[in-house]
Amino acid sequence: MSGDLHHPDRDPNRREFVAQEQEPFGAILSCIDSRVPPELLFDTGLGDLYVMRTGGEAVGPVVTGSVEYGPMTSGTPLVMVLGHQRCGAVEASYKSIRDGKPLPGNLGAISRALRPAYEQAVREGGADPVETMARAQVTLTAANLRSNQDLAPLVGKGALAVVGAYYSLDTGKVEVLSGAPS
């Protein structure tokens with residue numbers, strides 16, 4: 001948030017160090033939005049994070065498998081689902097579902113994946129239904145991953161935290177919405 005960046009572990013020495021193996025401390029599922037690159041937001045370096053990016057943090061089997069990879073193969077202790085303010089994928093999906101007008105091409109798969117968040121946002125109401133839907137998408141996705149048959153045992157024994165978080169484009173603040181370890 002302060003802009004005091006350290007740019008750690010981004011030099012040729014780090015590249016050589018992690019070339020043979022990796023041990024990221026976290027896995028982040030975030031949006032494809034060009035303003036929300038997790039490696040830069042969290043000022044991390046090579047080998048620090050597994051990062052999966054999909055429109056509106058939409059998930060399916062391949063994405064879920066990608067999220068599972070770190071915790072299940074190398075004991076990565078943190079999974080974060082990171083949504084953000086003014087998400088275009090969420091807004092387009094919201095309007096598509098609300099108006100009953102399918103999005104073109106494979107974009108329809110994104111809106112179908114976000115339908116549960118849309119339904120929750122409609123139930124909750126609020127001043128900005130798109131922002132409500134974006135936050136709902138984060139919490140629903142994090143809850144689904146937390147209760148996933150392969151990740152739930154790791155969560156249960158405290159070896160994995162699955163956290164939902166929300167990034168403010170205006171302030172740079174990341175707000176934890178769900179799943180914060182105690």
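Predicted model: local features only at pLDDT ≥ 70, side-chain atom pairs only at ≥ 80, totals over all residues.
At roughly what angle do the axes of helix α5 and helix α6 cross, and within what distance do they come?

Residues are numbered from 1 along each chain as its sequence is written, and side-chain values use heavy atoms, with hydrogens and water left out.

Two packed helices are described by the angle between their axes and the distance between the axes. Helix α5 covers residues 107-124 and helix α6 covers residues 129-146; their axes come within 8 Å and cross at roughly 125°. The axes are lines fitted to C-alpha atoms, for helices over the stretch in contact, with angles from 0 to 180 degrees between N-to-C directions. Helices (H or I, at least four residues) and strands (E, at least two) are DSSP runs numbered from the N terminus. With that angle, α5 is oblique to α6; under 35 degrees counts as roughly parallel, over 145 as roughly antiparallel, 65 to 115 as roughly perpendicular, and the rest as oblique. The crossing of α5 and α6 is right-handed, a term that applies if the near helix is turned clockwise from the far one by less than a right angle, with anticlockwise giving left-handed.

On the α5 side, the contact (heavy atoms within 4.5 Å) includes Ala113, Leu114 and Tyr118, and on the α6 side the residues include Pro129, Met133 and Leu140. The residues of this contact divide into ten nonpolar, four polar and one charged. Here Ala, Val, Leu, Ile, Met, Phe, Trp, Tyr, Cys and Pro count as nonpolar, Asp, Glu, Lys and Arg as charged, and the others, Gly among them, as polar.

I turn next to helix α4, residues 88-99, whose axis comes within 9 Å of that of α5, crossing at roughly 80°. That makes α4 roughly perpendicular to α5. Among the residues that meet are Tyr94 and Ile97 in α4, with Leu114 and Tyr118 in α5. This contact divides into seven nonpolar, three polar and two charged residues.

How do α4 and α6 cross? Their axes come within 9 Å and cross at roughly 115°, which makes α4 roughly perpendicular to α6. The crossing is right-handed. Val90, Glu91, Ser93 and Tyr94 of α4 make the contact with Pro129, Val130, Met133 and Ala134 of α6. Six of these residues are nonpolar, one is polar and one is charged.

Finally, some individual residues. Cys31 is placed in the loop between β1 and α2. Cys31 is buried, with a relative accessible area of 2%; buried means under 20%, exposed over 50%, and partly exposed in between, with a 1.4 Å probe and protein chains only. Leaving aside neighbours within four places in sequence, the contacts of Cys31 include Arg53, His84 and Cys87.

Asp33 also has its place in the loop between β1 (26-30) and α2 (38-41). At 12% relative accessibility, Asp33 counts as buried. Not counting residues up to four places away in sequence, Asp33 touches Arg53, His84 and Arg86.

Asp9, in the segment before α1 (12-18), is partly exposed, with a relative accessible area of 34%. Leaving aside neighbours within four places in sequence, Asp9 is in contact with Arg14, Gly45, Leu46 and Asp48.
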